Amino acid sequence: MSDRTMPAAETSAPAPTQGTPHIDAGDAGYSKDLKSRHINMIAIGGAIGTGLFLGAGGRMAGAGPSLAIAYAVCGVFAFFVVRALGELVLYRPSSGAFVSYAREFMGEKGAYTAGWLYFLNWSTTAVADITAAATYAHFWAMFSDIPQWVLALIALAVVLTANLISVKYFGEMEFWFAIVKVAALVAFMLVGIYLVATQHSVDGNTPGLANITDHGGIFPMGMLPMLLVVQGVVFAYASVELCGVAAGETENPQKILPKAINSIMWRVGIFYVGSVVLLALILPYTAYSGDQSPFVTVLDKLGVPGAAGVMNLVVLTAALSSLNSGLYSTGRILRSMAVAGSAPKFTARMNKGQVPYGGVLLTAAFGAAGVALNKLMPDDAFEIVLNFASIGILGTWAMIMICSLLFWRRAQEGKLTRPSYQLPWAPYTQIVTLVFLATVLYLMWYGGGVGRTTVYCLPVIVGMLVGGWYLVRKRVAELAAK
């Protein structure tokens with residue numbers, strides 16, 4: 001049996017009931033420098049990102065006020081996913097996160113599939129983030145003449161450099177990034193509540209219910225547009241699982257993680273649903289577009305000197321934060337896979353700061369490919385990568401729920417004991433969530449356009465996964481036999 005997945009102790013004691021029946025060698029070598037404040041703010045930052053700050057504008061224009069319902073529904077399933085991952089983390093904390101759990105419950109093929117789907121998610125999300133950062137930078141006149149691909153390259157270089165220093169620096173960066181995002185959203189919501197309460201005119205529009213009722217109601221174009229934006233809304237929640245990955249570099253995840261995960265639900269309600277409702281009340285949905293953050297749109301039309309520039313700086317921070325998180329998490333996931341033989345050997349390497357720099361650099365290389373995409377197709381880059389990222393997200397969330405389902409079944413068989421912090425209503429929660437994810441995939445196809453093209457690419461993705469497995473399976477078997 002490999003030391004990558006082995007009993008915690010070679011005795012006749014009932015190891016499965018101890019809560020840590022396996023050890024993943026990919027967890028060795030990390031520092032435990034992430035504190036409670038880091039994990040809490042990483043969880044907050046994971047729920048507030050590019051998908052809200054940039055993507056909400058285009059989705060509001062396409063679906064109207066019903067976007068708030070889409071955010072609420074998708075937020076519930078995002079909570080189920082991170083709650084399921086939280087139960088697994090408290091059972092056995094691991095920097096390999098769901099890849100490590102897939103290895104335990106589904107074997108090396110499961111770990112291989114989960115890991116590379118996650119890499120697909122974040123490598124394409126990295127492209128979306130640098131695209132968003134370049135788009136935000138064009139708001140200021142001093143950057144307007146600089147090509148979008150140049151700005152994207154600068155964003156990638158800055159975040160990559162910071163990510164390679166140490167996990168402590170990553171934690172501090174995410175802590176302050178999250179502080180900025182939360183403070184800005186709270187400030188915007190206070191301004192929005194004031195505008196609605198006082199009915200202060202915004203660009204000739206009086207905030208209030210009339211901006212909804214006089215423009216087609218909650219569903220101005222019917223329910224179908226709301227359903228078709230769901231895949232983009234899922235993308236907005238793509239980072240919620242990050243706190244599960246970060247738990248492997250935390251001193252006391254059993255104490256810290258439950259509080260961080262439980263707070264996700266109210267954050268979704270306040271920041272996502274609340275902010276979209278305010279946006280719909282302040283201006284008609286037709287005032288928003290995919291070319292500009294909806295928050296910037298409101299402040300720009302409000303005419304407050306410098307307010308739009310400040311908010312644009314905040315949304316730029318959100319994009320850089322998401323990119324930073326993607327480089328961090330894929331570095332850890334790829335290292336767990338490399339130790340097992342299912343990822344390139346160099347992705348297992350760590351620097352003096354105990355950062356798996358090989359995996360970080362591999363993700364950054366795909367981000368560099370995104371720079372080329374920004375040069376060739378600056379207008380469509382964000383939409384293209386968003387759809388491919390959504391495929392990776394759906395696959396990652398599905399693997400987490402399948403691992404959770406298998407974990408629940410083993411607990412029912414008495415082979416292990418679930419921690420006190422559990423996913424409620426199992427196994428029905430996992431099954432319903434998997435059905436939801438399959439429905440989102442169908443809606444991507446049904447919506448046509450780039451989404452349908454992306455779904456048609458699924459056989460190519462599956463073929464690459466199968467071909468890749470045949471390339472690495474011999475090495476995986478050799479390492480497992482040691």
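Where is the kink in α12 centred? It is centred on Arg267, as Figure 1 shows.

The model is predicted: local features need pLDDT of at least 70, side-chain atom pairs count only at pLDDT 80 or more, and totals for chains, interfaces and linings use all residues. Residues are numbered from 1 along each chain as its sequence is written, and side-chain values use heavy atoms, with hydrogens and water left out.

**Figure 1. Helix α12 and its kink at Arg267.** Helices are DSSP runs (H or I, at least four residues), numbered from the N terminus. α12 covers residues 253-282. The kink at Arg267 is about 35 degrees. Here the bend at a residue is the angle between axes fitted to the seven residues ending there and the seven starting there. The end C-alpha atoms of α12 are 41 Å apart, which agrees with the 44 Å that its 30 residues should span at 1.5 Å a residue. The expected span is 1.5 Å times one less than the number of residues. Of the 30 residues in α12, 21 are buried. Buried means under 20% relative accessible area, exposed over 50%, and partly exposed in between (1.4 Å probe, protein chains only).

**Figure 2. Pro258 in helix α12.** Pro258 is buried, at a relative accessible area of 13%. Its C-alpha atom is separated by 8.6 Å from that of Leu90. Along the chain, Pro258 and Leu90 are 168 residues apart.

**Figure 3. Helix α19 and its kink at Val472.** The kink is about 45 degrees. α19 has 24 residues. From first C-alpha to last, α19 reaches 33 Å, close to the expected 34 Å. Buried residues in α19 include Ile461, Leu465, Gly468 and Trp469. Val472, Val476 and Leu479 are buried too. An α-helix has 3.6 residues a turn, so residues three or four places apart point the same way.

**Figure 4. The second largest pocket.** A pocket is an open set of points on a 1 Å grid over the protein atoms alone, where a 1.4 Å probe fits, with protein on both sides within 12 Å along at least five of seven lines. The volume is about 580 Å³, taken as the space filled by probe spheres set on the points. The lining holds 21 residues, each with an atom within 4 Å of a point. Leu120, Ser123, Thr124, Phe366 and Met464 lie nearest the centre. α5 (97-137), α15 (357-376), α16 (381-412) and α19 (458-481) each give two or more residues to this lining. α5 gives the most, with 8 residues. By class, the lining has 17 nonpolar residues, 4 polar and no charged. Ala, Val, Leu, Ile, Met, Phe, Trp, Tyr, Cys and Pro count as nonpolar, Asp, Glu, Lys and Arg as charged, and the others, Gly among them, as polar.

**Figure 5. The salt bridge between Glu87 and Arg418.** A salt bridge is a side-chain nitrogen of Lys or Arg within 4 Å of a carboxyl oxygen of Asp or Glu. The count by this rule is 5. Glu87 and Arg418 meet at 2.5 Å, N to O. Glu87 sits in helix α4 (residues 67-91), and Arg418 in the loop between α16 and α17 (428-446). The two residues are 331 residues apart. Both are buried.

**Figure 6. The salt bridge between Arg92 and Glu104.** The N to O distance is 2.9 Å. Arg92 lies in the loop between α4 and α5 and Glu104 in helix α5, so the pair ties together parts 12 residues apart in sequence. Arg92 is buried at 4% relative accessible area. Glu104 is buried at 7%.

**Figure 7. The salt bridge between Lys301 and Asp203.** These side chains meet at 3.4 Å, N to O. Lys301 belongs to helix α13 (residues 294-302), and Asp203 to the loop between α7 (167-198) and α8 (210-213). The pair links distant parts of the chain, 98 residues apart. Lys301 is partly exposed at 31%, and Asp203 is partly exposed at 47%.

**Figure 8. Backbone geometry at Pro427, Gln199 and Gln354.** Most residues other than glycine have a negative phi, and most peptide bonds are trans. The bond from Ala426 to Pro427 is cis, with omega near 5 degrees. Pro427 lies in the loop between α16 and α17. Gln199 has a positive phi, near 55 degrees. Gln199 is in the loop between α7 and α8 and is partly exposed at 49%. Gln354 has a positive phi of about 60 degrees. Gln354 is in the loop between α14 (307-340) and α15 and is partly exposed at 31%.
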